[in-house]
Amino acid sequence: MTDHHHESTTDAELLSRPLRLPCGVVLKNRIAKSAMSDSLGDGRGNPTSEQLRLYERWASGGLALSIIGETQPTPGFPEKPGNLVLGPSSDLEMFRALANRAARDGAQLWLQLGNAGALSHLPISAPEGPSALDLEGLRCAEMSLERVQELPAEFARAAALAQSLGFGGVQLHAAHGFLLSQFLSPLFNHRRDQYGGGIEARCRIVAEVAAAVRSAVGPAYPVGLKINSSDQLEGGLTEAESLAALRVLDRASLDLVDISGGTYFPGAKSASDSAGGGPYFADFAARARESTSTPLTVTGGVKTRAQAAEILRQGQADMVGLARSLILEPDLPSKWLGEAGGDPVFPRFQAPPVGGVTAWYTMRLTAIAEDRDAGFSLELEEAIRRYDARDEERAAVWREAFPIREGAMPS
Ligand SMILES: Cc1cc2nc3c(=O)[nH]c(=O)nc-3n(C[C@H](O)[C@H](O)[C@H](O)COP(=O)(O)O)c2cc1C
C-alpha cells in the first residue's frame with residue numbers, strides 16, 4: 001500500500017493511480033473532494049438543480065471521489081437547514097438524479113451520513129447529545145439509551161437507500177464534533193452506561209453504526225468513515241485515543257478512513273477556518289497505519305500538488321482529500337493529473353469572525369453551482385450576510401416541513 005519505492009515517479013503519476021478499496025470498488029485516481037456541507041438543499045431535505053450542477057462540475061473536473069456533507073438519516077438533528085435528509089419520504093427521484101449527474105467521467109459520489117447531535121442547528125431542532133450540556137453557546141439534552149440504540153438502524157436505513165438510488169458509497173461522519181464524534185470525545189460524552197467511559201466504550205456506538213451499515217449494504221459497497229486525529233482542544237479526544245478508536249474500527253470492514261481533526265466546541269477552531277500551513281494531519285495518518293489496515297485519506301490544508309503527491313510518496317495516506325482548494329478551482333484535479341500542474345491561490349482574510357471563512361467558501365460554491373463563479377468577487381462581510389439570510393429563509397421552510405417535537409427542548 002505504501003509508495004516508498006517510487007521516489008522517481010512524478011507527482012502527476014502518483015496522483016493518477018487507481019485505488020482498489022477492500023470492497024472491490026476501484027477509485028480512478030487519488031484525489032477526493034472531502035465532505036462539505038454545501039447548504040444547497042431545498043430546506044425540506046431534498047436536492048436542488050443547483051446542487052446537481054455543482055456535483056456534475058466537480059466530477060467533470062477530474063476527481064475520483066466526491067463526498068456530499070452532512071446528509072441526515074432523520075430530520076431531527078441537522079447541522080444546517082440546507083442539509084439533505086434521506087429517508088422514505090424524501091424526493092427519491094431528485095436524489096437519483098443527483099447520483100446520476102455526479103457520476104460523470106467515472107467519478108464516484110458518496111453521501112456523508114451525519115447527525116449533528118449536540119450541535120444541531122438551534123432554530124430548527126432540539127439538540128440532543130451523548131450527555132446534557134449547559135454551556136454558553138452549547139446547550140443540549142442527553143440522549144436516552146433507547147435513542148442511542150436506534151442510531152445503527154437509522155444510519156443503516158439511509159445507507160441502504162443511498163445504495164438503491166445509485167450513490168457510489170457512504171461515509172459515516174465521526175469527525176469535527178458532530179454526533180458520532182461527540183461520543184468519541186470526553187468533552188461531550190460523560191455517560192455512565194456502556195457508551196461512555198474509556199475510549200473503547202466511547203467508540204462502541206461508532207462500531208455498532210458501522211456494523212449495521214455494512215450488514216445493510218453488503219460486502220461489495222464502499223463504506224467510509226471520517227474521524228478526528230484529535231479534537232485539538234484541552235480535555236477532548238487525544239491522538240492516542242484516536243489511534244485506539246482506529247484499532248477498534250479496524251474490525252469494522254470499512255473501506256476508507258478520512259483523517260481530519262478539530263472540533264466545534266465553544267472556544268475551538270474548525271478545520272475549515274484554519275489559515276495555517278498544511279497538510280495538517282499527514283504525520284498522524286502515518287502513525288495511524290500501525291493501528292489500522294483500512295486505506296486512508298488525509299484531509300486538511302493541502303494547497304499544492306507537491307504536498308498532495310508527497311503524502312502518497314511517503315505512504316502517509318492512500319488518497320488526498322481536498323475541500324477549499326476544490327471550491328477555488330473545481331477543475332484542479334485535471335490540472336494536477338496533467339503534466340503542467342498549477343496550484344490554487346488562496347484568499348487571505350483579515351481577522352475573520354468565527355465561521356466567516358466557511359460562509360465565504362459556501363457562497364463561492366453556490367456560485368459554482370449557478371455557473372457564476374467566473375466573476376465571483378464577494379467580500380467576506382457580504383458573503384456572511386447572504387449566507388445567514390439564506391439559512392434563515394431555509395430554516396422557516398424546514399420548520400414547516402419538519403416541526404420540532406414539543407417538549408424536546410432542554411429546559
Ligand atoms: C464550506 C465547508 C463545508 C464543510 N462541511 C463539512 C461537512 O459537512 N463534513 C465534513 O466532514 N467536513 C466539512 N468541512 C471540512 C472539510 O471537509 C475539510 O475537512 C476542511 O475544510 C479542511 O480541508 P481543506 O484544508 O482542504 O479545506 C467543510 C469545509 C468547508 C470549507
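This is a predicted model: local features need pLDDT of at least 70, side-chain atom pairs count only at pLDDT 80 or more; totals for chains, interfaces and linings use all residues.

User: Which residues of helix 2 and helix 13 make the contact?

Analyst: Helix 2 contributes Glu50, Gln51, Arg53, Leu54 and Arg57, while helix 13 contributes Leu365, Ile368 and Ala369. Sorted by class, the contact of helix 2 with helix 13 has four nonpolar, one polar and three charged residues.

User: How many helices and strands are there in the protein?

Analyst: The protein has 14 helices and 14 strands. Its radius of gyration is 20 Å, close to the 22 Å that the globule rule gives for 411 residues, so the protein is as compact as a globular protein of that length. Along the principal axes, the C-alpha atoms fill a box of roughly 60 × 45 × 45 Å.

User: What percentage of the residues count as buried?

Analyst: Of the 411 residues, 53% count as buried. Among contacts between residues at least 6 apart in sequence, 74% join residues at least 24 apart.

User: How should I read the pairing of strands?

Analyst: Strands of a sheet pair through backbone hydrogen bonds, and the pairing is either parallel or antiparallel. Strand 3 (residues 31–36) pairs with strand 4 in the parallel sense, over three bridges.

User: How many residues of strand 4 are buried?

Analyst: Eight of the eight residues of strand 4 (residues 65–72) are buried, so this strand is largely enclosed by the rest of the structure.

User: What is the order of the strands in the open sheet of three strands?

Analyst: The order is 7-9-8, and the pairing is mixed. Strand 7 (128–129) and strand 8 (133–135) are the edge strands, each pairing on one side only. Strand 8 and strand 9 (residues 138–142) run antiparallel and are joined by three bridges. Leu135 has Leu138 of strand 9 as its bridge partner.

User: What should I look for in the backbone angle phi?

Analyst: Most residues other than glycine have a negative phi. Ser39 is not a glycine, yet its phi is positive, at about 60 degrees. Ser39 lies in the loop between strand 3 and helix 2. Glu70, likewise not a glycine, has a positive phi of about 50 degrees. Glu70 belongs to strand 4.

User: Are Ser39 and Glu70 buried or exposed?

Analyst: A residue is buried if 20 or more other C-beta atoms lie within 10 Å of its own. Ser39 has 23 such atoms within 10 Å and is therefore buried. Glu70 has 25 other C-beta atoms within 10 Å, so Glu70 is buried as well.

User: Where is Pro347 found, and is Pro347 buried or exposed?

Analyst: Pro347 is found in the loop between helix 12 (332–337) and helix 13. Pro347 has 12 C-beta neighbours inside 10 Å, so Pro347 counts as exposed. Pro347 and Leu328 are 19 residues apart in sequence, and their C-alpha atoms are 9.1 Å apart in space.

Conventions
Residues are numbered from 1 along each chain as its sequence is written. Helices (H or I, at least four residues) and strands (E, at least two) are DSSP runs, numbered from the N terminus. The radius of gyration is taken over C-alpha atoms; the globule rule is 2.2 Å times the number of residues to the power 0.38. Two residues are in contact if their C-beta atoms, placed from the backbone, lie within 7 Å. Ala, Val, Leu, Ile, Met, Phe, Trp, Tyr, Cys and Pro count as nonpolar, Asp, Glu, Lys and Arg as charged, and the others, Gly among them, as polar. Two strands pair if DSSP finds at least two bridges between them.
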